[in-house]
Amino acid sequence: MGTIFKNFGSFIHKRQPTQIMVMGFAMVIFIGAVLLSLPISTQSGESIGFLDALFTSTSAVCVTGLVMVDTATYWNGFGQLVIITLIQIGGLGFMTITTLFALITKKRINLRERLLIQESLNQIDLSGLVRLTRYVLLMTFTIEGIGAVLLSTVFIPQFGLARGLWYSIFHAISAFCNAGFDLMGNVSGPFTSLTSYVNNYTITLTISGLIIFGGLGFPVILDVIKNKKLSKLNLHSRVVIFTTALLVFGGMLFILALEYNNPKTLGPLGMGGKLLASLFQSVTTRTAGFNTVDLALLHQSSIFVFIILMFIGASPASTGGGIKTTTLATLLITVKSFILGKEDIEVHERRLGTSTVRKSLGIFFIGIVVVVFGTLIITVTSPNFTLVEAGFEVVSAFATVGSSIGGSPTLSIPGKMFIILFMFMGRVGSLTIFMALSSRGIKKNPPIRYPEGKIIVG
């Protein structure tokens, strides 16, 4: 046994940080799948089967929200506790959780572990990583706690103390981690999400606030707390906040305009309800997966807007997925500089490096390829899905959103396996996975620089 652990330790020691990240997430998913496949996790006392358990565990760890069964009616208290634990681990990142235990046990965090934390939190340098992790944990539990208290003002009067408190904690964690899992199946039927609270300002605004805070990214929240004024924030924070605000309110206006008279969604609501529902859908569509209107009843034009918002997603070092707001901002800034004929790519009196632009292009291109080929795969493996439903499902999985208009439980077995893969790629990061698959990671520039060649483009 000692030899096995020694060999395993040697194997891990030789891995790149990106490879350990991928293996770490995969290990957490597997453990979760084993626990959820046990009969003790379900209301009926019967096993769900390993594939569906793996799908649910992947969805939880990758903070997606796509499910095979209704969370409230199928899983018992133990199963729900496993799911919310997986969501918390997935939202924070397994290295952040590992650091938490190291801090509790007063274990020294070595250089290799710091490299893993750096990769997990998407940081540029190694300085102050342990302190940053402490702040991340403190912020997370504080924000989730405040959210749970606000939600309890509605849930406790409605469900009683014990159940109302559990609902408040579960939904606060699920919202901040941008997971989209809910326990509302016992209220208004399975897979209804928060549709019964479409006019409830407390639930809607609290969940929206938690999603936004979780999606901004921990470095941005810390920067705001430290500097308070927008003019004093660093470049990354300003780009994230501006892009997030533009997407939230822009998406809200599009949804409001497209669904204003739809009798199956916003039509029956008053003006206040229309604005509230439009805001909530704009916020949650980008990465969380809750909904207060039936997404299957949306106009096709609205579904197209939803797909765009889902694909963009949240911000780096956050609990959300997608190609990230800064990737979109970098590409738009690059296009603007090209149109204006500028040699440098400039924003807020700063110049962006070519490595940032190249990485953004890589992430965007990989995302497009995954979505296109993923949509083709789902339409082939699950013929009951239309092209729009398949595209929506793939983008929702890859961007770790968790919304569905085709019905995830109706996926074929190969379809479920591919959606599991897309969720995993979306949470860990496509670029991280491709780097992990390469034994050398990203290659450095070769010592020889070749002459410039010409290609006609455009």
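**Notebook: cavity, helix contact, aromatic pair**

I looked up the lining of the largest cavity and found Ile211, Ile212, Gly215, Leu216, Thr244, Val248, Val283, Arg286 and Thr287. I note that the model is a predicted one.

Which elements give two or more residues to this lining? I listed helix 11 (201-216) and helix 13 (235-259). Helix 11 gives the most, with 4 residues. I then sorted the lining of the largest cavity by residue class and got 5 nonpolar, 3 polar and 1 charged. For the volume of the largest cavity I have about 50 Å³. How many cavities of 30 Å³ or more does the count give? I noted 1 cavity.

Next I turned to helix packing. I took helix 3 (residues 50-61) and helix 5 (residues 77-92), and their axes come within 7 Å and cross at roughly 45°. Which residues make the contact? From helix 3 I wrote down Thr56, Ser57, Ala60 and Val61. From helix 5 I wrote down Ile83, Leu86, Ile87 and Gly90. By class, the residues of this contact divide into 5 nonpolar, 3 polar and no charged.

Last, I searched the whole structure for aromatic pairs, and the search gave 10. I followed up one of them, phenylalanine 155 with tyrosine 197. The pair is edge-to-face, with 5.9 Å centre to centre and 80° between the planes. Where in the chain do the two residues sit? I placed phenylalanine 155 in helix 8 (residues 129-159) and tyrosine 197 in the loop between helix 10 (185-188) and helix 11. The two are 42 residues apart, and I recorded the pair as a link between distant parts of the chain.

Technical notes
Residues are numbered from 1 along each chain as its sequence is written. This is a predicted model: local features need pLDDT of at least 70, side-chain atom pairs count only at pLDDT 80 or more; totals for chains, interfaces and linings use all residues. Side-chain values use heavy atoms; hydrogens and water are left out. On a 1 Å grid over the protein atoms alone, a cavity is a set of points where a 1.4 Å probe fits but cannot get out, and a pocket is an open set with protein on both sides within 12 Å along at least five of seven lines; lining residues have an atom within 4 Å of a point. Grid points are joined across faces, edges and corners, and a volume is the space filled by probe spheres set on the points. Ala, Val, Leu, Ile, Met, Phe, Trp, Tyr, Cys and Pro count as nonpolar, Asp, Glu, Lys and Arg as charged, and the others, Gly among them, as polar. Axes are lines fitted to C-alpha atoms, for helices over the stretch in contact, and angles run from 0 to 180 degrees between N-to-C directions. Contact means heavy atoms within 4.5 Å. Rings of Phe, Tyr and Trp (its six-membered ring) pair if their centres lie within 6.5 Å; planes under 30 degrees apart count as stacked, over 60 as edge-to-face and the rest as tilted.
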